[in-house]
Amino acid sequence: MAVVDVSEQLKSLSSTMESIEAVLDLDRLRSEIAELEEQAASPTLWDDVEHAQKVTSKLSVLQGQLRKAEEIRGRIDDLEVLFELAESEDDADARAEAEAELTSVRKTVDELEVRTLLSGEYDPREAMVNIRAEAGGIDAADFAEQLMRMYLRWAESRGYPTEVFDISYAEEAGIKSATFAVKAPYAYGTLSVEQGTHRMVRISPFDNQGRRQTSFAGVEVLPVVEQTDHIDIPENELRIDVFRSSGPGGQSVNTTDSAVRMTHIPTGIVVSCQNEKSQIQNRAAAMRVMQARLLAHRRAEEQAKMDALKGDGGNSWGNQMRSYVLQPYQMVKDLRTEHEVGNPQAVLDGDLDGFLEAGIRWRKQQETQAG
């Protein structure tokens with residue numbers, strides 16, 4: 001790698017990092033961290049457990065952001081010294097080490113840059129994910145279950161806690177639908193680019209003639225509701241039915257009417273929860289899901305009004321957003337961003353970061369063009 005080329009790359013990397021630091025506003029970050037540290041040190045903090053968890057969680061996230069930004073800036077500064085030493089000593093091993101570090105730093109800067117693109121009102125929230133089987137019969141139900149596993153594995157690989165609220169199992173295999181939360185800051189902003197229809201093409205394991213089958217599953221991603229959202233639901237607008245849980249489970253499954261189905265009468269939105277042991281717990285969980293769906297409903301209505309004012313009658317997202325092809329060749333391709341990989345199994349095992357980054361950049365580009 002030529003010295004001039006390295007110099008230009010380091011200059012470009014440093015410039016990108018300056019832009020990221022400006023967006024993150026490091027002085028504001030330090031000030032916010034100091035305020036949260038003061039709150040966290042209060043002896044009465046844990047009198048309100050929910051508030052305490054939010055304070056400590058936000059503090060941890062902001063400290064992590066600041067630490068990462070400072071660490072990357074230090075690595076960029078060190079790179080110049082590494083290359084200078086390698087050149088002055090004409091050391092091939094040292095040069096290879098410096099080039100490997102340059103590649104690693106560039107990847108880290110790209111990842112941090114993607115985070116700075118999550119600037120929407122609800123992007124910092126936790127995510128509520130709903131997956132449902134669509135056209136394709138048993139294969140669609142099986143595909144829906146694979147998608148649920150994919151997102152849960154992705155969350156697990158990043159150390160993000162998850163909570164499954166409801167799984168409706170299909171009769172032969174797979175699931176009809178599932179709802180779960182990913183409890184991490186910016187989970188909504190990150191996963192919201194996954195919303196849409198996913199398509200799988202493969203030789204069906206459920207077809208005794210071994211024919212190729214195309215199946216579809218829908219993914220919906222909602223921001224988790226917070227107290228500031230003011231989603232008040234009058235009791236007379238809700239119908240609550242109880243029923244017995246179904247599907248694989250422990251001793252409480254199929255023995256008591258603990259599962260809850262909640263219907264919001266004005267909108268017709270229905271949610272159910274059966275994964276908790278008691279009816280009270282399932283009712284509370286169903287209410288959290290219902291609030292998230294009503295918040296999304298309200299946002300959709302507001303967006304429709306804005307689109308009508310702008311004369312934009314359509315949704316720029318489209319419907320079908322990704323294809324998973326297992327036969328006759330191996331490929332996963334995002335139809336919006338054109339990002340593709342040739343290892344579907346790795347993607348279905350939770351290796352989603354490339355698709356998420358491409359989706360976030362694509363969305364920002366769409367917003368910039370529309371703005």
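# Exercises on charges, burial and contacts

At 34% relative accessibility, Arg 132 counts as partly exposed. Keep that residue in mind as you work through this predicted model.

**Exercise 1.** Work out which parts of the chain are joined by the salt bridge between Asp 142 and Arg 202, and whether its two ends are buried or exposed.

*Solution.* First, the distance: the closest N and O atoms of Asp 142 and Arg 202 are 2.8 Å apart. Then the location: Asp 142 sits in helix 5 (residues 137-157) and Arg 202 in strand 4 (residues 196-203), so the pair links distant parts of the chain, 60 residues apart. Last, the cover. Buried means under 20% relative accessible area. Asp 142 has 15%, so this residue is buried. Arg 202 has 9% and is therefore buried as well.

**Exercise 2.** Take the salt bridge between Arg 239 and Asp 241 and describe the cover of each end.

*Solution.* Here the closest N and O atoms lie 3.7 Å apart. Arg 239 is partly exposed at 44% relative accessible area, and Asp 241 is partly exposed at 29%. To place this pair in context, the count of salt bridges comes to 27.

**Exercise 3.** Locate Phe 355, judge its cover and list what it touches beyond its sequence neighbours.

*Solution.* Begin with the location: Phe 355 belongs to helix 9 (residues 353-370). Its relative accessible area is 2%, so Phe 355 is buried. Leaving out residues up to four places away in sequence, Phe 355 touches Arg 322, Val 332, Lys 333, Asp 334, His 339, Glu 340, Val 341 and Val 347. Two names on that contact list, Arg 322 and Asp 334, turn up again in a network of salt bridges that links Glu 194, Arg 322, Asp 334 and Arg 336. For a contrast, consider Val 260: Phe 355 and Val 260 are 95 residues apart in sequence and 35 Å apart in space, C-alpha to C-alpha.

**Exercise 4.** Step back and sketch the chain as a whole.

*Solution.* Count the elements: 9 helices and 11 strands. For dimensions, the C-alpha atoms fill a box of roughly 75 × 65 × 50 Å along the principal axes. As for cover, 39% of the 371 residues are buried. The accessible surface comes to about 19900 Å², with 47% of that belonging to carbon and sulfur atoms. Finally, among contacts between residues at least 6 apart in sequence, 65% join residues at least 24 apart.

Methods: Residues are numbered from 1 along each chain as its sequence is written. This is a predicted model: local features need pLDDT of at least 70, side-chain atom pairs count only at pLDDT 80 or more; totals for chains, interfaces and linings use all residues. Side-chain values use heavy atoms; hydrogens and water are left out. Helices (H or I, at least four residues) and strands (E, at least two) are DSSP runs, numbered from the N terminus. Buried means under 20% relative accessible area, exposed over 50%, partly exposed in between (1.4 Å probe, protein chains only). Contact means heavy atoms within 4.5 Å. A salt bridge is a side-chain nitrogen of Lys or Arg within 4 Å of a carboxyl oxygen of Asp or Glu. Accessible areas come from the Shrake-Rupley method with a 1.4 Å probe; for residues, only the protein chains shown count as cover.
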